[in-house]
Every structure is written in structure tokens, then in C-alpha cells.
Amino acid sequence: MHVTDREVEVPLDWWDDGDPRRLTVFVREVVDPARRRDDLPLLVFLQGGPGGKGPRPTGPDGWLGEALTTYRVVLLDQRGTGRSSAVRGAALVARGTAGAQADFLTHFRADAIVADAEHVRRTVYDGRRWTSLGQSYGGFLTMTYLSRAPEGLAACLVTGGLPGLRADAREVYRRTQPRVVGKNAHYRARYPDDEARLARIADRVAVGDVRLPDGDALSVRRFQTLGTDLGMKPGAERIHWVVDEAFDPGAPDELTDTFLAEVAAATSFRTNPLYAVLHESIYAQPHTGPTAWAAQAVRDDDPAFTPDARPLLLTGEMIYPWMLDEVAALRPFRAAAEALAAWEDWTDLYDLDALARNDVPVEAAVYHDDMFVDAGLSLETAAHVGNLDAWVTNEFEHDGLRTGDVFQRLAERLAARGGALPG
């Protein structure tokens with residue numbers, strides 16, 4: 001791979017010329033070395049998240065390797081992540097009140113990310129149209145892109161990320177909670193002995209005085225959040241091997257250092273705190289009102305997920321308010337997250353009329369059993385957006401782009417109907 005790194009200055013607020021605050025957006029361009037001087041079409045990768053930085057490739061493999069046979073690939077760190085003016089807890093606290101912190105974070109949503117991408121396209125790539133590849137939250141960004149700046153797009157590929165265009169956060173979690181229950185059942189059927197292991201771990205944690213390597217006290221509800229991995233492949237296997245080593249025969253009443261290190265790594269948010277802090281805000285629009293910790297409200301209505309329920313159910317891609325107290329990396333964001341949960345002054349993310357008349361070709365993989373993005377909402381969106389073809393499959397989990405040949409198959413579908421618009 002031939003790699004070029006760039007940094008581009010952008011305003012914090014794209015819609016207030018009087019605001020002097022600036023950010024840096026980091027752009028990594030990757031191309032086949034033998035073709036680096038060729039006039040190749042552009043593919044911009046819209047990372048999942050929210051709060052996700054672009055991939056750090058170690059070689060031309062997976063979807064990236066396939067893309068490099070055709071494209072010059074552009075990998076962006078979303079504002080606030082990686083090398084794009086990353087938001088750090090201490091610096092955010094220094095901005096003042098909880099309201100001031102939350103106001104700052106409202107500038108890190110899809111509309112601003114799309115404006116950043118458009119600025120990069122116009123200034124770095126001479127305004128050439130590019131094809132977008134949106135994974136998970138990157139599909140949400142794609143819908144915002146098609147709403148606000150479709151002239152920048154030659155085609156769009158979406159993998160597991162067609163959002164509900166009008167759904168609020170609570171509806172999203174009401175739809176995905178039963179899917180989480182189903183994934184738990186599948187996990188227990190695959191590893192039946194783990195039901196007893198999970199209960200034994202929870203019983204020991206409930207006694208108290210279980211510390212993770214960073215000093216955080218481990219609670220049962222934090223342990224339950226390992227279930228996020230059930231939405232990936234092979235997530236059930238990864239969880240199985242974590243709980244398999246929870247106890248050492250030589251000390252049957254104590255959890256092993258190996259187990260505690262694995263749990264800490266999976267639940268610490270050390271590398272991506274904005275994922276937690278901004279999570280419910282990705283569903284917020286003027287008509288939805290405050291997000292109000294929607295995932296917690298849905299969980300509170302379902303006693304099957306209480307820490308003392310048996311079988312112990314693991315939770316999914318949900319962020320709960322107590323995480324801001326129990327997880328060290330999130331504590332500095334506590335005040336801002338509470339203010340965001342009560343925030344009402346949200347902007348529209350999607351233009352329904354613009355999406356209905358869209359003429360940019362869109363190929364979208366909808367994962368029928370997706371635990372994170374409800375397939376029903378995705379298909380409603382697919383029916384609304386013009387020139388969008390949906391491929392519905394249960395071959396993959398939410399990470400099908402990384403673990404399967406999803407990119408290749410979407411690219412083939414796009415080519416079969418005439419390819420991208422002229423650049």
C-alpha cells in the first residue's frame with residue numbers, strides 16, 4: 001500500500017461564520033503502489049461509531065484489499081476521534097458548565113461529519129465525486145450525505161447501516177431488545193455449560209470487592225455488557241473463551257487475572273469514549289425530543305435483564321447512564337452526557353423529500369438478524385430512498401464487512417446495474 005497522510009482545518013461550527021473555533025480533520029489516502037499516479041476513482045470510507053476513527057490498515061487485505069484493485073481509498077478520522085482533534089475528557093471538562101460541554105459535543109454529529117467530508121472532497125480532491133462505503137453508523141452518515149450534499153456522491157455502498165429515518169432512540173431499543181434476547185438464546189444453545197458459568201461469575205461479582213486492572217469495581221451490570229459482542233461474528237466464541245477462564249481450580253472462589261483483564265479491555269471505552277457519550281444522540285432530531293437515556297428506560301421495562309435474573313442475560317449495543325459512574329474513562333464525560341440526554345435543540349439529520357427523489361445509486365446490505373440496526377427499520381428506509389437496492393441476508397452478523405465478502409458482492413451488484421455516476 002502507498003499511504004499519504006493529510007490534515008485539513010475545518011470550523012467547529014459549519015453554520016456560524018462568526019465562530020472562530022477550528023478543528024483538524026485527519027485524512028489517510030491508501031492506493032496500490034503500482035497505480036498511485038493513475039487517475040483512479042475515489043472511495044471514501046465512512047466509519048462506524050459514533051466516535052469511531054478510521055481503520056489503521058496493516059496490509060492490503062479484507063475489504064480494503066479488494067477496494068484497492070479499483071479505487072484510491074480515503075480513510076477519514078471522524079471529528080473528535082483519532083488524529084482529528086480528538087475529544088479528551090479533561091479538555092472537555094475545562095470548557096466549563098455541563099451545558100457548555102454538551103453544546104460543544106452537538107457539533108460532532110452526522111451533519112458536521114458530512115460537511116467535513118465535503119470540504120475534504122472539494123479541497124483535496126478537486127471536487128470529484130466519490131463513492132462512499134458506509135459501515136454501520138457510516139450508513140447513517142450516508143443518509144445524511146444524500147440529504148445534504150448528494151452532488152458529492154457517485155454511488156453509495158452501505159453495510160448494516162440503514163437507519164430509521166423518523167425513529168427515535170426509544171423505538172430503536174424497543175426493536176433491538178428482543179434481538180438481544182434471541183442472540184443470548186443462541187449463545188446458550190451453542191455453549192450450554194456457559195449458562196452456569198455466567199451465573200457463577202455474576203454471583204461472585206455480586207458479593208463485591210472485584211476490581212479490574214485499572215481499579216474500577218466490577219459490577220454484574222457491567223459484566224453483562226460483554227453481550228455487545230453477540231452482534232458480531234464470532235462474538236459468541238469470544239465471550240465463551242472469556243468466561244471459560246473465569247475461575248482457576250486452585251482458587252475456585254476468585255476470578256482470574258486473565259478474566260478480569262479481558263473484561264476490562266472489552267468494557268473500558270479507553271480508546272473510544274465518544275462512542276458512549278454520543279451514542280443516543282445519533283437518533284435525535286427536532287421531532288424526537290430528548291433522548292432521555294432511552295436504552296435504560298427500555299431495559300427497566302424488561303425484568304429479564306436484571307443482574308439477579310437467571311439465566312443471566314448479556315446486553316447489547318446499549319449505553320446506560322450508570323456507565324458514566326462505573327467506567328473510569330467515561331467519568332469525565334458524566335456532566336456532558338447528562339446534559340446531552342436532556343438536550344432538545346437538535347438539527348434535522350435527514351431530508352425525506354431529497355432522499356425520496358435521490359438518483360445516486362445505492363447498494364445496501366441489510367443483515368436480517370442484525371442485533372444493532374433493526375432490519376425492519378432498514379427496509380422501511382430502503383423503500384423510501386430513491387435508487388436504492390437492498391440485499392437482505394442472514395449470512396452475516398453486523399461486522400459482515402470485516403468478516404465476509406460483503407464489499408465485493410455490493411460492488412458487483414453496483415456494476416451489474418450500470419455502476420457509479422460519472423465523476
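Mentor: Rings of Phe, Tyr and Trp count as a pair if their centres lie within 6.5 Å. Please keep in mind throughout that this is a predicted model.

Trainee: How many aromatic pairs does a search of the whole structure find?

Mentor: The search finds 13 aromatic pairs.

Trainee: Why is the pair of Phe 269 and Tyr 275 stacked?

Mentor: Planes under 30 degrees apart count as stacked. The ring planes of Phe 269 and Tyr 275 stand at 25°, with the centres 6.2 Å apart, so this pair is stacked.

Trainee: Are Phe 269 and Tyr 275 buried or exposed?

Mentor: Both Phe 269 and Tyr 275 are buried.

Trainee: Which residues form one aromatic cluster?

Mentor: One such cluster is formed by Tyr 137, Phe 140, Tyr 173 and Tyr 283.

Trainee: Where does the charged end of Arg 95 sit?

Mentor: A charge sits over a ring if CZ of Arg is within 6 Å of the ring centre and within 35 degrees of the ring normal. The charged end of Arg 95 sits over the ring of Phe 104, at 3.6 Å from its centre. In another case, Arg 79 lies over the face of Phe 108, 5.8 Å from the ring centre.

Trainee: I now turn to the backbone. What kind of peptide bond joins Lys 233 and Pro 234?

Mentor: The bond between Lys 233 and Pro 234 is cis, with omega at about 5°. Pro 234 belongs to the loop between α8 (220–224) and α9 (235–244). A cis peptide bond also joins Arg 310 and Pro 311, where omega is about 5°. The loop that holds Pro 311 runs between α12 (294–300) and α13 (323–326).

Trainee: What is the phi value of Ser 85?

Mentor: Ser 85 has phi near 45°, which is positive in a residue other than glycine. Its place is the loop between β4 (72–76) and α2 (89–93). Asp 209 also has a positive phi, near 60°, and is likewise a residue other than glycine. Asp 209 is found in the loop between α7 (194–207) and α8.

Trainee: Why is Asp 209 called exposed?

Mentor: A residue is exposed when its relative accessible area is over 50%. Asp 209 has 70%, and is therefore exposed. Ser 85, at 26%, is partly exposed.

Trainee: Where is Asp 38 placed?

Mentor: Asp 38 lies in the loop between β2 (22–31) and β3 (42–46). Its relative accessibility is 36%, so Asp 38 counts as partly exposed. Along the chain, Asp 38 and Ser 84 are 46 residues apart, and their C-alpha atoms are separated by 28 Å.

Technical notes: Residues are numbered from 1 along each chain as its sequence is written. This is a predicted model: local features need pLDDT of at least 70, side-chain atom pairs count only at pLDDT 80 or more; totals for chains, interfaces and linings use all residues. Side-chain values use heavy atoms; hydrogens and water are left out. Helices (H or I, at least four residues) and strands (E, at least two) are DSSP runs, numbered from the N terminus. Buried means under 20% relative accessible area, exposed over 50%, partly exposed in between (1.4 Å probe, protein chains only). Rings of Phe, Tyr and Trp (its six-membered ring) pair if their centres lie within 6.5 Å; planes under 30 degrees apart count as stacked, over 60 as edge-to-face and the rest as tilted.
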